Amino acid sequence: MCVCPQEMEHPIVAAGVNATGEFDASSGSASSTTTMVTTAAVQVASTIGPHFARQVMRGFGNLTVVDKVPPEMLHLVGPHWYQFPPLWPIWHKLLGVVMIFIGVLGWCGNGMVVYIFLVTPSLRTPSNLLVINLAFSDFVMMIIMSPPMVVNCWYETWVLGPLMCDIYALIGSLCGGASIWTMTAIAYDRYNVIVKGMSGTPLTIPRALVQIVLIWTHGLIWAMLPLFGWNRYVPEGNMTSCGTDYVSDDWLGKSYILVYSIFVYYTPLFSIILCYWHIVSAVAAHERGMREQAKKMNVASLRSGDQSGESAEVKLAKVAVTTISLWFLAWTPYLVTNYMGIFAKQHVSPLFTIWASLFAKTNACYNPIVYAFSHPKYRAGLKVKCPCLVFGDTEDKPKPAAATPAADAASTHSKA
């Protein structure tokens, strides 16, 4: 059916703009022109189409963050972003430089972890397979996501097309979910060894491989769902990266983000906290029992050289708090951004989305430090293959006669 232009009341006309594209001064004051035109453009984007909305904003000299988006990508840009002016070019350049740094650090750090763990026979244990999987997922994330974002930051918009937008966002979701659930598996393995001890089921190589397959299958399912209509992958506010559409008014799309956050954020987070809570509690109880026994025997400590050292439960608590805090710091800003897009999207700006996305990607950089660089045998292997990267002592210190559950767990991990 053809609708004649003269028979249709255009949103721009209702906002005080005549048919020739000039602002009618009699319909409002000059000071409100920009606000009225911006509002009208958002209405046009949601009713008539993004191409016409962009032409309207150009006609009034009001460039938007969408202005440089290629025509084939406009159907993926939500009306919400048409109200924001372009970002200063310095933000794009700064983001590109930071992404180069994060990318190189992620490639080298995670690549070195995978290499050292694979070529060192003593490190090819069931528990370390999870560490290798964590490093591999972070490595793939940086390989796929860093170069495209650097290119887009140079052009100040997404220039790689809709297909690459889907691939970029899918890999980010897949590797992010795999990384989070691998950290959960590592936390449970430590809980199983330290808390349950001999009563726990030992982790074998087949069991570790099954866990890894389940982790990637779970991540792939959630990453594929937007391609089948439950939400979608779109350019984010700064138009240089892609992710889920969290500013959509469609509650079907919003429901995906809410359910996704339960299975890929809250569940692993609370699982990690629960595991480390039991670990710290078990070590604290063990330390308390040892101190009581030492008091009965009228000795300062049952462990040699422990008088001036930091207690085991304090050391373990620091490791637990560091692990959880870094994970929480990396992913919480991105979750908050998604939730704000659902419940308060008027506060979500393109500049706001940059830092949330950036913090999530930094998770791929410090995971190798937390899970691998503190491993004595990893550092010993690194000293053999690449001694220039080794810092501190790489020799195993002699174990005390009366070991704590944490020391027992470390011994079990190294012998497994």
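Trp158 is buried, with a relative accessible area of 1%; buried means under 20% relative accessible area, exposed over 50%, and partly exposed in between (1.4 Å probe, protein chains only). The model is predicted, so local features need pLDDT of at least 70 and side-chain atom pairs count only at pLDDT 80 or more, while totals for chains, interfaces and linings use all residues. Residues are numbered from 1 along each chain as its sequence is written, and side-chain values use heavy atoms, leaving out hydrogens and water.

**Aromatic pairs**

- A search of the whole structure finds 15 aromatic pairs; rings of Phe, Tyr and Trp (its six-membered ring) pair if their centres lie within 6.5 Å, and planes under 30 degrees apart count as stacked, over 60 as edge-to-face and the rest as tilted.
- Trp158 and Tyr168 form an edge-to-face pair, because their ring centres are 5.3 Å apart and their planes stand at 75°.
- This pair links distant parts of the chain, 10 residues apart: Trp158 is in the loop between helix H5 (126-155) and H6, and Tyr168 is in helix H6. Helices (H or I, at least four residues) are DSSP runs, numbered from the N terminus.
- Tyr168 is buried, with a relative accessible area of 0%.
- Trp222 and Tyr256 form a tilted pair, at 6.1 Å centre to centre and with 50° between the planes.
- Trp222 lies in helix H7 (residues 205-224) and Tyr256 in helix H8, so this pair ties together parts that are 34 residues apart in sequence.

**Charges over rings**

- The charged end of Lys93 sits over the ring of Trp154, 5.9 Å from its centre; this requires NZ of Lys or CZ of Arg within 6 Å of the ring centre and within 35 degrees of the ring normal.
- Lys254 lies over the face of Trp251, at 4.4 Å from the ring centre.

**Packing of H6 and H8**

- The axes of helix H6 (residues 161-196) and helix H8 (residues 251-296) come within 9 Å and cross at roughly 20°. Axes are lines fitted to C-alpha atoms over the stretch in contact, and angles run from 0 to 180 degrees between N-to-C directions.
- H6 and H8 are therefore roughly parallel to each other (angles under 35 degrees count as roughly parallel, over 145 as roughly antiparallel, 65 to 115 as roughly perpendicular and the rest as oblique).

Technical notes
Helices (H or I, at least four residues) and strands (E, at least two) are DSSP runs, numbered from the N terminus.
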